[in-house]
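Here is a friendly note to read beside the structure. Please take the points in order and find each residue as you go.

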Amino acid sequence: MSPAPPEPASGTPSPPDVLDLVVIPGDGIGPELVDSALQVLERVAALDGFTYELTTVDAGAGAYRSAGRALPEDALERLRAADGVLKGPVGLPEVRHPDGTEAGLLGGLLRLGLDTFANVRPMRLLPGVTGATRHGPGEIDYVVVRENTEGLYLSRGAGAATPHAAADQLMVTRVGTERVVRYAFDLARKRSGAAADGVRRVTCVDKSNVLRSYALFRRVFDEVAEAYPDVETEHLYADAAAHDLVARPQCFDVLVMENFLGDVLSDLGAATVGGLGMCGSLNVGADAAYAEPVHGSAPDIAGQGLANPLSQILSLALLLDHASRPSAGDRVRRAVESALSGGGIELSDRGRPVRGTGSVTAAVCEALST
Ligand code: NAI
Ligand code: MG
């Protein structure tokens with residue numbers, strides 16, 4: 001009798017010997033931020049005992065302006081083959097199509113091209129950071145799971161417009177909603193519940209009282225939820241959710257919502273945890289992932305050393321988790337926390353590092369080694 005076939009691998013897959021990472025520096029503050037995250041990567045790789053190879057892909061609005069396309073021709077294949085992609089923000093407000101929308105943005109190209117259907121945006125108020133509400137560190141710790149491939153943004157470049165009127169459509173599909181809602185429930189199972197009560201909870205945010213697309217989103221949410229009786233469910237309309245994310249953020253654990261709502265509400269959440277510079281994210285699909293800050297290219301502060309690079313560093317941590325290096329991801333998060341609580345990083349009221357971008361990088365690198 002032939003031996004039994006090996007059991008399928010369970011849990012975390014074993015990490016590759018050499019991590020194959022692609023880097024997109026992006027526009028505006030992107031290159032400064034990515035440079036900072038790469039310094040942290042170098043340090044954490046040495047400590048965690050892994051090696052990596054980096055390939056840089058020039059993409060975004062600057063690339064569009066100089067090369068006539070936002071993303072090189074064969075880039076999607078390269079990104080899909082990588083163990084992970086670290087992307088800086090892109091966008092130059094002066095680079096626009098004749099219809100008035102910005103040219104050179106990568107959201108549509110990468111999210112649809114790689115089918116990264118979930119945009120995972122952790123919101124945590126860390127020690128040493130002052131948020132816009134009265135809450136303290138530890139009280140805000142939830143994740144926004146933003147649907148990333150449909151919703152209102154599927155109309156990008158496809159709406160109908162004359163000089164006098166313009167219309168975009170919001171598309172919600174059953175299959176698109178099912179997979180992102182399932183992702184949210186699976187994520188809740190891996191977490192330890194909401195800060196206020198330790199209850200694992202997924203909140204569905206929509207405007208199903210008004211729009212049929214959102215009513216479908218909610219219906220599918222309820223169907224998927226039946227398979228997760230161990231996770232509490234909650235429904236909120238988006239306007240009430242905006243209120244509650246400010247008034248009672250401690251009650252949230254995981255929230256799932258349509259693309260446009262997730263875009264807007266996660267910037268609101270960012271204000272409660274110290275600003276956009278505190279928020280990293282992971283775009284994840286079945287066979288590709290890329291990590292990027294939740295914010296844009298901040299042209300108002302580009303090249304001045306005023307940007308908070310923690311958004312990019314925390315994005316790196318999410319990428320390391322995804323690339324089967326969760327111990328390295330944890331090291332990065334712990335280093336960020338200890339640099340913040342030990343006073344190595346000081347942020348202004350506007351969320352800018354008081355002693356400059358480089359000082360934050362240095363503080364995190366130092367905290368990594370101690
Ligand atoms: P933004 O997110 O770039 O900036 C909003 C405000 O937050 C600005 O005052 C900026 O200085 C500040 N800010 C952002 N990141 C910061 C950081 N790390 N540290 C300190 N302050 C920070 O949004 P804005 O100005 O509306 O858009 C700028 C460009 O970014 C546009 O071209 C837009 O299309 C693009 N964009 C790109 C995104 C991406 O690549 N994923 C996402 C959002 C916008
Ligand atoms: Mg946004």
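1. Start at the ligand: one of its oxygen atoms is 2.8 Å from a polar backbone atom of A298. A nitrogen atom of ligand 1 is 2.9 Å from a polar backbone atom of N308. (A polar contact is a pair of N or O atoms within 3.5 Å.) On its own, ligand 1 exposes 810 Å², and the protein buries 72% of that (areas by the Shrake-Rupley method with a 1.4 Å probe).

2. Before going on, note that this is a predicted model, where local features need pLDDT of at least 70, side-chain atom pairs count only at pLDDT 80 or more, and totals for chains, interfaces and linings use all residues. Residues are numbered from 1 along each chain as its sequence is written, chains are lettered from A and ligands numbered from 1 in the order written, and side-chain values use heavy atoms, without hydrogens and water.

3. Which residues come nearest to ligand 1? Of the 23 around it, they are E102, G296, A298, D300 and N308 ("around" means a heavy atom within 4 Å).

4. Now look at the open sheet of ten strands, ordered β2-β1-β3-β12-β11-β4-β5-β10-β8-β9 with mixed pairing. (Strands are DSSP runs of E, at least two residues, and two of them pair if DSSP finds at least two bridges between them.) β2 (51-56) and β9 (232-237) are at the edges with a single partner strand each, so one side of each has no neighbour in the sheet.

5. Inside that order, β3 (residues 84-87) and β12 (residues 289-293) pair in the parallel sense over two bridges. L86 stands opposite A291 in β12.

Note on methods
Polar contact = N/O pair within 3.5 Å; in protein donor to acceptor, adjacent residues only side chain to side chain. Helix = DSSP H or I, 4+ residues; strand = E, 2+ residues; numbered from the N terminus.
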